[in-house]
Amino acid sequence: MIMILYWSLPMILFIMGLFCFVSNRKHLLSMLLSLEFIVLILFFLLFIYLSMLNFENYFSMMFLTFSVCEGALGLSILVSMIRTHGNDYFQSFSIM
């Protein structure tokens, strides 16, 4: 019973994070926040999985390092977009 709770709650949170990511497409900041939420849920799932198999948590620390780099890269893209276009709307951003 407790194993079902260990896996069902993070999966529900992951699906909610994906729904927030898909539904908030106007602002870059809301997309970045939902991506960070998804990464935290994936870290939680990885931690549960590694703890159940009695593995070391070295890979989870590596995953956290890469997720922090991903967050910093997203924030730098957000800052450069606000400096060049004045806002974080995707409608004002043109590929050409």
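Predicted model: local features only at pLDDT ≥ 70, side-chain atom pairs only at ≥ 80, totals over all residues.
Where does Phe55 lie? In the loop between H2 and helix H3, the latter covering 58-85.

On the surface, a nonpolar patch brings it together with Ile2, Met3, Leu5, Tyr6, Leu9, Tyr49, Met52 and Leu53. Together they show about 890 Å² of accessible area. Which helices supply at least two residues each? Helix H1, residues 2-23, and helix H2, residues 28-52. H1 gives the largest share, with five residues.

Now the helix packing. Two packed helices are described by the angle between their axes and the distance between those axes. For H2 and H3, the angle is about 180°, and the axes are 10 Å apart. H2 is therefore roughly antiparallel to H3, since angles over 145 degrees get that label.

Who makes the contact? On the H2 side, the residues include Leu28, Leu32, Glu36, Val39, Phe43 and Leu50. On the H3 side, among them are Phe59, Phe63, Ser67, Glu70, Gly71, Gly74 and Met81.

Take one of those, Ser67, in helix H3. Is Ser67 buried or exposed? Buried: its relative accessible area is 10%, and the limit is under 20%. Leaving out residues up to four places away in sequence, Ser67 touches Glu36 and Val39. Both of these partners are on the H2 side of the contact.

Terms used
Residues numbered from 1 in each chain as written. Heavy atoms only, no water. Patch = residues over 30% accessible without salt bridge, like charges linked within 9 Å, V, L, I, M, F, W, Y side chains within 5 Å. Areas by Shrake-Rupley, 256 points an atom, 1.4 Å probe, with all protein chains shown as cover. Salt bridge = Lys/Arg side-chain N within 4 Å of Asp/Glu carboxyl O. Helix = DSSP H or I, 4+ residues; strand = E, 2+ residues; numbered from the N terminus. Axes fitted to C-alpha atoms, helices over the stretch in contact; angles between N-to-C directions. Parallel < 35°, antiparallel > 145°, perpendicular 65-115°, else oblique. Contact = heavy atoms within 4.5 Å. Buried < 20%, exposed > 50% of the residue type's maximum accessible area, 1.4 Å probe, protein only.
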